[in-house]
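Colleague: I have not worked with this protein model before. Could you take me through its packing and its charged pairs?

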Amino acid sequence: MSAAAFRVDILAFDDVEALDLAGPYEVFTTAARMQARQQPGTPPLFDVRCVARPAAGGAVVRARAGLRIVPDGDFSGAALPDVLIVPGGVVDGAMGCPDTLAWIARAAAAARVTASVCTGAFLLAAAGVVREGAVTTHWEDVDDLRRQFPKLDVRTGVRWVQHGDAGRLFTSAGISAGIDLSLHLVERLAGRALAERTARQMDTPWHPDPQGVPPA
């Protein structure tokens with residue numbers, strides 16, 4: 001198979017929130033499928049992989065609430081991503097793992113775009129990827145993020161935040177906001193039409209305005 005236009009790595013770790021990982025995974029794999037339908041025979045648009053720390057006890061990652069995930073690779077892989085997605089969940093273990101933080105820093109430095117979902121913002125901050133400026137996270141974790149990383153401008157009432165003007169770093173709020181942000185990244189990388197078709201195929205409402213709060 002020809003090389004994909006963009007490699008997308010999604011970090012997997014014990015106690016990851018399953019939908020923080022699966023939401024972006026579904027967006028990028030669906031976008032690749034929709035693009036292949038429109039342009040059969042062309043190289044795939046996205047090559048999406050789950051990546052985790054090498055585990056002495058086996059390759060399975062246990063997500064929050066017990067779902068088991070088998071990663072596609074670990075931090076020893078030579079290739080680094082074009083798009084890095086750092087999901088949230090219970091991040092204490094991942095934050096205390098030097099190998100995980102070092103890989104996040106290395107992958108983010110190489111990536112064209114880095115994005116977090118929910119408490120993944122804590123991992124970006126702990127890895128030194130974001131040290132100051134505007135970010136967001138799940139509403140329940142805003143105070144903790146402000147306390148642990150006081151130089152950050154933690155925004156509330158937003159779906160996602162672009163950090164700085166370069167358009168290389170984004171943070172998002174909870175599960176559905178991570179899907180909104182992932183669709184925004186599809187739009188940035190491949191155009192609005194594909195993002196809209198992806199959302200329609202997923203049968204999910206897309207809220208492209210990061211300031212917009214979806215109706216209850």
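Modeller: What follows concerns a predicted model, beginning with the nonpolar core and then turning to salt bridges.

Colleague: Which residues touch the most other members of the largest nonpolar core?
Modeller: Phe28, Phe46, Ile85 and Leu123 do, within a core of 65 residues.

Colleague: And what does Phe46 touch?
Modeller: Leaving aside residues up to four places away in sequence, Phe46 touches Ala4, Phe6, Val8, Phe28, Ala31, Ala32, Val186 and Leu189. In soluble globular proteins, nonpolar side chains tend to be buried together.

Colleague: Changing topic, how many salt bridges are there?
Modeller: The count comes to eight. One of them pairs Arg155 with Asp153, with 2.7 Å between the closest N and O atoms.

Colleague: Which side chains does Arg192 meet in salt bridges?
Modeller: Arg192 meets Glu187 at 3.3 Å, N to O, and Glu196 at 3.1 Å, N to O.

Colleague: How accessible are Arg192 and Glu196?
Modeller: Arg192 is partly exposed, with a relative accessible area of 38%. Glu196 counts as partly exposed too, at 41% relative accessibility.

Conventions
Residues numbered from 1 in each chain as written. Predicted model: local features only at pLDDT ≥ 70, side-chain atom pairs only at ≥ 80, totals over all residues. Heavy atoms only, no water. Core = buried A, V, L, I, M, F, W, Y, C linked by side-chain atoms within 4.5 Å. Buried < 20%, exposed > 50% of the residue type's maximum accessible area, 1.4 Å probe, protein only. Contact = heavy atoms within 4.5 Å. Salt bridge = Lys/Arg side-chain N within 4 Å of Asp/Glu carboxyl O.
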